[in-house]
Amino acid sequence: MIIQNKTEKTKELINQGNLIDAENILKGIENKYSIFELAKIRKIQGRYREAEQLYLKSLSMTSKIKSDIDTNINIELARIYTSFGNIEKAKNLYEKSLRNKISLDNNVYRERSEERRVGKECRSR
């Protein structure tokens with residue numbers, strides 16, 4: 001089973017509450033997506049400190065290109081910090097997530113605008 005399929009299968013198992021099988025699939029996979037899923041398992045288990053460390057590890061693996069996974073990691077970390085009572089840290093992460101989401105949406109808009117412009121130019125010829 002390739003890594004992407006394993007990660008998708010893991011998401012499915014987590015949603016079904018089958019955390020042991022999900023965790024077994026993730027063993028030995030060291031990418032930000034699998035570590036993110038493992039952190040979700042730890043959070044569900046109430047192991048917040050371990051979840052926090054895994055979310056931070058996943059963030060450190062993130063590439064220079066911002067993606068939805070970065071936003072999701074920051075939101076999950078913010079939720080953990082809220083449960084710890086660290087409201088300021090949580091607030092900063094929520095704000096960072098919002099800025100990242102807006103930036104991603106703007107990039108998609110620009111790409112689509114360029115595609116529309118090129119399409120109109122081609123049709124006018």
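The model is predicted. The chain has 6 helices and 0 strands. Its largest nonpolar core has 21 residues, and helix 5 supplies the largest share of them.

**Overall fold**

- From the N terminus on, the order of elements is α-α-α-α-α-α.
- The protein chain has 125 residues, and 34% of them count as buried.
- Among contacts with a separation of 6 or more, 45% join residues 24 or more positions apart.
- The accessible surface is about 8,300 Å². Carbon and sulfur atoms account for 52% of that surface.

**Nonpolar core**

- The largest nonpolar core holds 21 residues. Within this core, Ile 41, Tyr 55, Ile 73 and Leu 77 have the most contacts.
- At least two core residues come from each of helix 1 (3-16), helix 2 (19-26), helix 3 (32-44), helix 4 (48-60), helix 5 (68-84) and helix 6 (87-124).
- Helix 5 gives the largest share of this core, with 6 residues.

**Tyr 55 and its surroundings**

- Tyr 55 has a relative accessible area of 0%. Tyr 55 is therefore buried, as the cut-off is under 20%.
- Neighbours within four places in sequence are left aside in the contact list of Tyr 55. That list includes Ile 73 and Leu 77, along with Phe 36, Ala 39 and Ile 80.

**Aromatic pairs**

- The whole structure contains 2 aromatic pairs.
- One of them joins Phe 36 and Tyr 55. Their ring centres are 5.7 Å apart. The planes make an angle of 55 degrees, and the pair is tilted.
- This pair links distant parts of the chain. Phe 36 belongs to helix 3 and Tyr 55 to helix 4, and 19 residues separate them.
- Phe 36 is buried too, because its relative accessible area is 7% and the limit is under 20%.

**Charges over rings**

- Arg 49 places its charged end over the ring of Phe 84. The distance to the ring centre is 3.9 Å.
- Lys 89 lies over the face of Tyr 81. Here the distance to the ring centre is 4.7 Å.

How values were computed:
Residues numbered from 1 in each chain as written. Predicted model: local features only at pLDDT ≥ 70, side-chain atom pairs only at ≥ 80, totals over all residues. Heavy atoms only, no water. Helix = DSSP H or I, 4+ residues; strand = E, 2+ residues; numbered from the N terminus. Buried < 20%, exposed > 50% of the residue type's maximum accessible area, 1.4 Å probe, protein only. Contact = heavy atoms within 4.5 Å. Areas by Shrake-Rupley, 256 points an atom, 1.4 Å probe, with all protein chains shown as cover. Core = buried A, V, L, I, M, F, W, Y, C linked by side-chain atoms within 4.5 Å. Phe/Tyr/Trp six-rings, centres within 6.5 Å; stacked < 30°, edge-to-face > 60°. Lys NZ or Arg CZ within 6 Å of the ring centre and 35° of its normal.
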